[in-house]
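Biologist: I am new to this structure and should be grateful for a guided introduction. May I put some questions to you?

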Amino acid sequence: MTTGEGAAAPGRRSDTGHADSLIAGEDASPATTAPAGGVPSTGGAAAPTAPRPGRRAELAPKAWVAFSFLFPALLLLAVLVLYPILYSVKRSMFDALGTHFVGLSNYKDMFTSPDTRTAIKNNAIWVLVAPIVVTALGLIFAVLTERVKWSTAFKTVVFMPMAISFLATGIIFRLVYDADPSRGLANAIISEIHDVFSNAAHYPGGRPRGTQVLTAAPGGGYQTTASVSPGGTILLPLVGVAADDLPKNAQDAIAPSARSGAVNGTVWFDFSRGGRGTPGSVDRGEKGLPGINIQALQNGKVVASATSDGTGRFSFRTLGAGSYTLRLPPGNFAARFAGPTWLGPTLATWAIIGAYIWIWAGFAMVLIAAGLAAIPREALEAARVDGGTEWQVFRRVTVPLLAPVLVVVIVTLVINVLKVFDLILILSPSSSQASANVLALEMWRVSFGGAQNYGLGSALGIFLFVLVLPAMIFNIRRFRREQQ
Amino acid sequence: MRNTRRVAAAFACLALALTACGNSNSGGGGGGSTTSAAAGDVSLPDLAGQSCEVAAVWSGAEQANFTKVLTAFAAKTHATTKFTSTGDDIATVLGTRVKGGQPPDVAILPQPGLLKQFAAQGALTEASADVAAAVDKNYSRIWKMLGTVDGKLYGVFFKAANKSTVWYRAKAFSDAGVQEPKTWDGFTKAVQTIADSGTVPLSIGGGDGWTLTDWFENVYLRQAGADNYDQLTQHKIPWTDPSVKAALTTLGQLWGSKNLIVAKPLQTDFPTSVTQVFSDSPKGAVAYEGDFVAGVISSETKAKVGTDAKFFNFPSINNSPPAVVGGGDVAVAMKGGTCAQALLRYLASPEAAAIWAKLGGYTSANKNLNVSNYPDDTTRAIAQALVSAGDNFRFDMSDQAPAAFGGTPSKGEWKDLQDFLANPSNVNGTAAKLEADAAKAYK
């Protein structure tokens with residue numbers, strides 16, 4: 001009925017208000033000068049700024065009609081939103097079983113528990129980092145693909161993660177972030193790249209058995225306990241060499257023979273299959289370790305180095321008289337680089353924020369692209385004609401004009417991020433969950449985990465509610481301002 | 001005028017549709033008529049039209065095997081059965097459902113502590129006289145006591161576990177020339193020798209905290225004795241007791257030795273810790289956990305139990321007598337009704353146990369189960385050890401503790417031992433944290 005629309009139109013001018021009651025994917029029709037179809041704009045942008053009061057009263061629906069239409073929604077809101085909030089406040093003042101009144105002691109427990117403090121700290125990191133990065137990425141995508149022919153395809157692909165449930169995303173990212181390079185995609189790529197640029201150690205895990213012949217050297221690697229002089233020989237037995245690491249040119253080890261003027265030695269894998277053989281002496285069948293770098297030290301300084309051959313023998317021929325210590329530098333034995341532990345206690349929160357960004361960048365991009373489409377081209381052209389570079393045009397014209405949309409996106413994301421729960425539950429293994437803890441997860445564990453402490457859980461719920469309130473109030477204020 | 005008639009017609013259709021939906025499934029059951037199968041089999045009522053939901057922690061291979069038991073039950077009684085896997089967090093999942101008034105008909109709880117908790121909340125239905133008689137006939141006293149709270153029997157232990165079995169890859173042992181160790185010192189030396197031979201020996205599934213509690217309990221039972229074990233279970237001695245610290249020190253010496261544990265144990269969950277030992281490019285030689293490891297090996301790796309994969313009993317410490325720490329999954333009825341009780345009756349019978357026994361990865365505490373049902377000598381040996389353990393059998397301590405301490409991922413004992421694995425020299429700090437968490441949970 002046209003009368004109703006005419007009266008309602010002034011309130012509908014701020015169409016960006018749509019974005020805030022957001023079901024994901026809903027496009028926000030831009031506000032201002034270009035009403036995007038749909039709303040009959042006869043009454044719209046050209047609505048009289050000060051309708052005559054008498055006429056307005058006749059046009060408006062009667063109060064009881066408005067109330068009866070709104071009543072079902074109000075009832076649902078009261079039952080599903082208002083009552084639980086009030087009940088939670090009451091329940092948070094009782095103990096775990098709900099029988100004794102304990103006043104504010106649940107809140108005290110909450111703030112003194114280290115789990116909650118970690119959760120608050122992590123929520124702060126989430127709120128400060130995630131919305132801004134998501135919005136920035138969305139802005140970049142929207143601006144860069146604005147005039148490209150394949151922008152629709154690109155936007156579809158970037159937006160698709162929003163169609164997957166958070167649970168499925170968590171499982172996908174578990175596979176990506178697995179710390180083992182043979183299972184986790186991220187570490188597989190990283191360790192491949194690392195291996196291209198660095199020389200892999202020949203014998204990761206190689207080490208002496210005990211400390212009689214070789215001990216740990218300061219600065220890594222191993223060093224002989226006894227010193228050796230030219231004309232002497234030395235045996236360097238090592239264990240812990242995996243069968244896969246023995247190169248093809250490794251032959252049976254041969255004990256060194258003394259030769260005047262030279263220091264001869266053998267470094268070999270001192271382990272006989274079946275555990276037979278004498279530790280410390282070269283037994284039949286034990287393999288030499290070729291390719292090991294050995295350094296000769298005098299007074300702590302490296303004076304010569306040698307490499308072992310296929311039978312494990314090495315020789316220093318150019319040493320002068322004196323006694324030397326031999327050292328096996330750590331480069332021989334460094335463990336294979338496996339990549340960082342993405343889901344370990346230190347990196348878990350950041351890794352999960354990465355997964356979150358992957359999901360929500362599309363949302364930001366779609367909203368900002370819609371806002372971008374509403375910017376009048378004349379303003380941008382004028383700026384370019386005036387001699388602005390693309391970057392200046394972006395910074396001084398585009399972004400300020402986009403400010404309303406950016407604010408909507410950021411505030412929506414802040415509210416969303418404060419409630420993040422399922423990503424952390426799924427992604428982080430239980431050994432890291434305490435470090436990646438957030439308030440929503442803590443509330444769930446405390447209430448429904450073994451403790452079944454609904455009092456403490458309600459207190460956490462109310463605390464979370466209080467944290468979200470400022471964002472909600474900001475949103476409501478913005479609604480009001482735009483409606484005027 | 002026409003509009004109102006259309007609207008009225010629409011409402012009438014809607015009303016008809018709603019009444020049609022509402023009437024289905026009521027009174028569909030065939031009443032209490034009993035159909036008994038062949039003589040000697042357990043007799044169960046005909047439950048045509050009824051449906052039973054069973055919730056348990058099992059997933060993967062264990063779920064597939066248990067579903068076969070449910071299928072046999074459904075075939076006998078014509079009931080429909082549904083299985084819900086809750087994952088390790090069964091305390092949380094069931095807690096939510098109980099609070100919401102939607103519990104499953106039967107739940108299979110991995111911890112008696114959880115059974116006590118739900119019984120205290122009034123969420124369980126007492127077992128019928130039929131079921132109690134079956135338990136008396138088929139189980140020894142200790143299993144009935146574990147399923148009883150305040151004199152009322154609630155649970156039937158359908159699956160038992162011998163958690164004192166250490167599994168190893170036979171080739172790794174023979175390559176290193178190591179024999180099955182009988183003592184803790186022998187075990188440490190064997191593990192060291194395997195490390196020297198170039199294979200990192202211990203594969204620990206630290207990502208799942210409960211595996212670490214099993215390590216601790218086996219060491220503690222042997223080092224501190226059965227009496228201390230019982231007292232610690234009931235929190236009559238604190239976790240800062242010297243006996244606890246001694247056990248933590250012993251464990252810490254093993255876990256703290258460099259090069260003995262396969263990389264990143266805290267990121268490795270239990271199934272992975274087993275499959276990586278027995279896979280084609282194996283990582284690790286020894287996987288300690290209970291007899292259910294055999295089920296994981298046979299269904300998820302190509303290794304054969306008994307030839308490629310063998311086990312030895314958890315080594316004794318300071319000449320301790322042979323002891324078994326074990327566990328069990330207890331089936332309880334969470335809703336009243338004939339289907340739940342019939343299922344409990346069936347699970348208490350040797351017939352149901354035989355179905356899963358034939359599939360492997362399962363041990364029954366049912367003393368009337370013929371051990372020839374087990375598929376190979378290995379499982380037969382495990383089962384016989386369990387059933388005949390007698391007075392030296394102790395139920396897993398963390399499963400008897402309140403769930404907040406002994407049964408919740410990333411909290412309580414599970415989390416504290418994970419922290420201990422990350423830092424095995426911190427014995428005093430770990431003992432203090434364990435005591436703090438226990439004090440909160442046991443009150």
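Biologist: What ipTM and pTM does the model score?

Modeller: This is a predicted model, and all that follows should be read with that in view. Its scores are ipTM 0.74 and pTM 0.76.

Biologist: Which element of chain A has the highest confidence, and which the lowest?

Modeller: Chain A has a mean pLDDT of 83, with 87% of its residues at 70 or more. Its highest confidence is found in helix α3 (residues 63-91) of chain A, at a mean of 94. The lowest, at a mean of 39, belongs to helix α1 (residues 2-12) of chain A.

Biologist: Over which residues of chain A does pLDDT stay under 50?

Modeller: Where pLDDT is low, the predicted coordinates should not be read in detail. That caution concerns a stretch for which the model has 62 contacts beyond four places in sequence. The stretch of chain A under 50 is residues 1-47.

Biologist: What is the mean pLDDT of the lowest element of chain B?

Modeller: Chain B averages 86, and 91% of its residues score at least 70. Among its elements, helix α11 (residues 242-256) of chain B has the highest mean, 95. In residues 20-40 of chain B, pLDDT stays under 50, and the model has 16 contacts beyond four places in sequence for them. The lowest element of chain B is strand β1 (residues 34-35), with a mean of 42.

Biologist: What radius of gyration does chain B have?

Modeller: The secondary structure of chain B comprises 20 helices and 13 strands, and its C-alpha atoms fill a box of roughly 90 × 50 × 45 Å along the principal axes. A compact globule of 443 residues would have a radius of gyration near 22 Å, and the value for chain B agrees with this: 24 Å.

Biologist: How far apart do the C-alpha centres of the two domains of chain A lie?

Modeller: Chain A is divided into domain 1 (91-182 + 342-483) and domain 2 (214-332). The C-alpha centres of domain 1 and domain 2 of chain A are separated by 57 Å.

Biologist: Which element gives the most residues to the side of domain 1 of chain B that touches domain 2 of chain B?

Modeller: In chain B, domain 1 (49-162 + 326-394) and domain 2 (166-321 + 402-442) are assigned, and their C-alpha centres lie 26 Å apart. Each of these domains of chain B gives 23 residues to the contact. On the side of domain 1 of chain B, the elements giving two or more residues are α2 (60-77), α4 (112-121), β8 (155-162) and α16 (377-387) of chain B. With four residues, the one that gives the most is α16(B).

Biologist: How many residues of the side of chain A that touches chain B are charged?

Modeller: Between the chains, 29 residues of chain A are in contact with 35 residues of chain B. On the side of chain A, 12 are nonpolar and 12 polar. The number of charged residues there is five.

Biologist: Are helices α19(B) and α20(B) roughly parallel or antiparallel?

Modeller: Helix α19 (residues 412-422) of chain B packs with helix α20 (residues 427-442) of chain B, their axes 9 Å apart and at an angle of about 175 degrees. Residues in this contact include D416(B) and F420(B) of α19(B), and K433(B) and L434(B) of α20(B). By class, the contact has three nonpolar, two polar and five charged residues. Angles over 145 degrees count as roughly antiparallel, so α19(B) is, relative to α20(B), roughly antiparallel.

Technical notes: Residues numbered from 1 in each chain as written. Chains lettered and ligands numbered in written order. Predicted model: local features only at pLDDT ≥ 70, side-chain atom pairs only at ≥ 80, totals over all residues. Axes fitted to C-alpha atoms, helices over the stretch in contact; angles between N-to-C directions. Parallel < 35°, antiparallel > 145°, perpendicular 65-115°, else oblique. Contact = placed C-beta atoms within 7 Å. Nonpolar A, V, L, I, M, F, W, Y, C, P; charged D, E, K, R; others polar. Domains from an automatic or database assignment. pLDDT = per-residue confidence, 0-100. Rg over C-alpha atoms; globule rule 2.2 N^0.38 Å.
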